[in-house]
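Subject: Structure handed over, with notes

Hello,

Here is the structure we talked about. Please look through it first, then read the notes below.

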Amino acid sequence: KCYENPYIILRIFLLFISLTIVITGFVHIKDTKKLLDLIISWIPTNNRFLVGSFLLGSIYLITALFMIPGTMLLTVTVGALYISTFGIIKGLTITVFISFFGSLFGSIIAFFMGRFFFRHGLTELKKVYPQFCVIEEIIIYNGFKIAFLMRLSPIIPFHVMNYFMGITGIKFTDYLIGSLGFIPSSI
């Protein structure tokens with residue numbers, strides 16, 4: 001049975017890696033906070049804003065990919081760092097750029113993981129629950145609007161939505177353009 005779907009072993013491996021990272025992050029939350037504090041304090045003292053921006057963008061990518069909560073606190077911390085260093089306009093611009101593109105790249109990877117590794121599960125669910133067919137048709141027909149409005153909503157978990165939209169039939173361009181909806185949360 002496992003070999004009927006060639007991606008089953010890869011799915012199990014990715015799920016195992018994801019759970020390991022998330023559990024390790026929660027178990028060692030103080031160490032994770034210390035690491036983030038170390039990165040935040042290292043950037044201005046060594047005048048490494050370009051490398052630091054890349055590191056912070058990578059943290060956004062990882063949080064989006066592995067569904068780790070706390071990006072709002074990260075955005076506030078990064079904003080405080082860059083605003084205190086570069087002033088309100090330039091600091092806020094850099095912060096929005098880092099958080100938007102880091103989150104965007106993470107959400108794109110999560111979208112394609114959902115599309116190529118987990119979509120098969122939705123086809124199985126559609127056989128059992130025909131309501132999923134209706135939901136998917138609505139998402140396909142109104143892709144941009146739904147993606148954009150879901151990004152604006154503070155109630156819908158951002159990380160879960162990345163994978164959910166990947167398992168539906170939404171066009172990637174609609175999903176990508178709809179991702180502009182998380183710019184307000186970056187500010």
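Buried means under 20% relative accessible area, exposed means over 50%, and partly exposed lies in between (1.4 Å probe, protein chains only). Helices are DSSP runs of H or I with at least four residues, numbered from the N terminus.

This is a predicted model, where local features need pLDDT of at least 70, side-chain atom pairs count only at pLDDT 80 or more, and totals for chains, interfaces and linings use all residues. Residues are numbered from 1 along each chain as its sequence is written, and side-chain values use heavy atoms, with hydrogens and water left out.

Helix α7 spans residues 143–152, and its buried residues are Gly143, Ile146, Ala147, Met150 and Arg151. These residues sit on the same side of α7, because they cover an arc of only 130° around the axis (the arc of the directions from the helix axis to the C-beta atoms). An α-helix has 3.6 residues a turn, so residues three or four places apart point the same way. The cover over the buried residues of α7 includes α5 (88–128), α6 (131–141), α8 (158–167) and α9 (172–178).

There is one salt bridge in the structure (a side-chain nitrogen of Lys or Arg within 4 Å of a carboxyl oxygen of Asp or Glu). Arg119 forms a salt bridge with Glu136, and their closest N and O atoms are 2.9 Å apart. Arg119 is in helix α5 and Glu136 in helix α6, so the pair ties together parts 17 residues apart in sequence. Arg119 counts as partly exposed, at 25% relative accessibility, whereas Glu136 is buried, at 6% relative accessible area.

Regards

How values were computed: Helices (H or I, at least four residues) and strands (E, at least two) are DSSP runs, numbered from the N terminus. Contact means heavy atoms within 4.5 Å.
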